[in-house]
Amino acid sequence: MITDEKIKFIEFMMESDVLRFGDFVTKSGRNTPYFVNTGNYRTGRQIATLGKFYAALVKETVGDGFDCMFGPAYKGIPLAAGCAAALYSEYGIDKPYFFNRKEEKDHGEGGSIVGYKPKDGDRVIIIEDVITAGTAIRETMPVLRAAADVEVKDMFISVNRCEVGTTPGKTAIMEVGEDFGINVHAIVTVEDIYEYLKSKEEYKDMIPKMEEYMAKYCII
């Protein structure tokens, strides 16, 4: 069931031009009637608001039971920073964050990790935008494992697209759980977006497209 908070987040994404409807192709090459581009957050108010949504989910799910948070380059970087700031301002939870460079720096401090330097045994949470086919997380885990012997049990995303991964009958998020032991928590799901659209007369033309897409690619 869609809640008031989920409705607020969906409308926030739409007014920020982050959640868009039309004809798109995802990174995995699938045609989709909606697209989530967190790269379109571009103001202080937007990132502060977004950070609060992520922080609320982190607080509700794991509380302060983690040591640091990681934002994968590039879109995860402002998400992790915004979440870290909101966790402190809203709940008094002060945790370090870090992110990676796509290319290792060969001068100064060197390396590919920026910010907090993870240590063996650290409990890391990942702050990301969406998971479609699970490609990004498979690129992220080697980066974390190269940095230290860390424990990664939770990942937080904006939207769970509920799309099937590489294994028939399993979503990409199910595969991430099986392959890496990571629980993925989303602020909203494709079902929430679909339910929201159904409640709005102006989006009635989108309903058949969403239903076709969900029937083809999603496991609900």
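Does Cys 162 count as buried or exposed, and at what relative accessibility? At 9% relative accessibility, Cys 162 counts as buried, where buried means under 20% relative accessible area, exposed over 50% and partly exposed in between, with a 1.4 Å probe and protein chains only.The views below show a predicted model, in which local features need pLDDT of at least 70 and side-chain atom pairs count only at pLDDT 80 or more, while totals for chains, interfaces and linings use all residues. Residues are numbered from 1 along each chain as its sequence is written, and side-chain values use heavy atoms, with hydrogens and water left out.

**View 1. The cysteines form zero disulfides in a search of the whole structure.** A disulfide is taken here as a pair of cysteine sulfur atoms within 2.5 Å. The sulfur of Cys 162 lies 6.1 Å from the closest cysteine sulfur, that of Cys 218, which is too far for a bond. Cys 83 is likewise in no disulfide, its nearest cysteine sulfur being that of Cys 68, 12 Å away, and Cys 83 is buried, with a relative accessible area of 0%.

**View 2. Phe 9 and Phe 12 form one of the ten aromatic pairs in the structure.** Rings of Phe, Tyr and Trp (its six-membered ring) pair if their centres lie within 6.5 Å, and planes under 30 degrees apart count as stacked, over 60 as edge-to-face and the rest as tilted. With ring centres 6.3 Å apart and planes at 40°, the pair of Phe 9 and Phe 12 is therefore tilted. The two residues stand three apart in helix α1 (residues 4-15), so about one helical turn separates them; helices (H or I, at least four residues) and strands (E, at least two) are DSSP runs numbered from the N terminus.

**View 3. Charged side chains sit over the rings of Tyr 34 and Phe 66.** The criterion is that NZ of Lys or CZ of Arg is within 6 Å of the ring centre and within 35 degrees of the ring normal. The charged end of Arg 161 is 4.3 Å from the ring centre of Tyr 34, whereas Lys 95 lies over the face of Phe 66 at 5.3 Å from the ring centre.
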